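Have your viewer open and your selection tool ready. Let's walk through a few stops together.

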Amino acid sequence: MPTPATARHQGAAALRTVRELWGELLLAIETPPADVWPPRQLAHHLRPAGDEPLVERAPLVLREHPAPLNLDALDAGLYVERALLDLADTLAATVQRAQLDDPRRWTFRSPTDPGSHAHGLHWAAVWVEGRLLDEDTEPELLLDGTLAGAPFLPLSEHLLHEAHRVALAVEGRLLRTLALDARTVPVPERPCPWCAGELTLHTGPDEAPRVTCSTVPSCSAPVPRDEFGRRVWEWHELPALVIALDAAQQQTEHARAA
């Protein structure tokens, strides 16, 4: 079991990762699944942008999904959102002391009102992070000079470790769904357009995707080499690789049809 300091640090970091990648997951729901190629993070380069920012749409648990293109991504999104909303409910029931008119207050849902659930994942993640970090747990001086009680109590050790567990679980589910967990996998049926060598996709939770070519040193692709002498397409070079691969595939199909 991690120390309280480690649980706070890891849990807060996991929640920030979830917030940063939530838009990518929503985009994945509306994008046909691709096992390896193209990387999920390139989706916003490969499809037209919608009129409404993805992260500002209604929470997944409150809106309909008439035709999701990626059911695995939808299942992951529902899991992540529900887990964080339920966690916020649990923590609020124990540590919340904020007044009804305090904007920091977590509002419970009812049969006729979704409460804070209406604000979706981002607000839930920010609110839970505040509890993990013991924010607003000291008495406060009001404008009239009186001292008011703290809006929240510090988390007990049990609730701290529960919040830590849930934060890491939802981060892991999101990273796996977006293929952002650490992995190195061949790009299937997509040889290098310059040398026909095998391409490999490298991803990790703390790094942007990159692709390397296995042909060393004869590959003539117009990108730098890595420390192993392989041609490497970093994040900003991947859109050009997508274009080159699509062009090479079209040439192959035309040659077969001729």
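Start by selecting arginine 19 and glutamate 129: they form a salt bridge, with the closest N and O atoms 2.8 Å apart (a salt bridge is a side-chain nitrogen of Lys or Arg within 4 Å of a carboxyl oxygen of Asp or Glu). This pair links distant parts of the chain, 110 residues apart, with arginine 19 in helix 1 (residues 4-29) and glutamate 129 in helix 4 (residues 120-132). Helices here are DSSP runs of H or I with at least four residues, strands are runs of E with at least two, and both are numbered from the N terminus. Glutamate 129 is buried, at a relative accessible area of 11% (buried means under 20%, exposed over 50%, partly exposed in between, with a 1.4 Å probe and protein chains only).

A word on the model: it is predicted, local features need pLDDT of at least 70, side-chain atom pairs count only at pLDDT 80 or more, and totals for chains, interfaces and linings use all residues. Residues are numbered from 1 along each chain as its sequence is written, and side-chain values use heavy atoms, leaving out hydrogens and water.

Next, go to helix 5 (residues 157-177), where arginine 165 and glutamate 162 sit 3 residues apart, about one turn of the helix. Their salt bridge has its closest N and O atoms 2.7 Å apart. Arginine 165 is partly exposed at 48%, and glutamate 162 is also partly exposed, at 25%.

Now select Asp102, Arg104, Asp136 and Glu140, which are linked in a network of salt bridges. Across the whole structure, a search finds 11 salt bridges.
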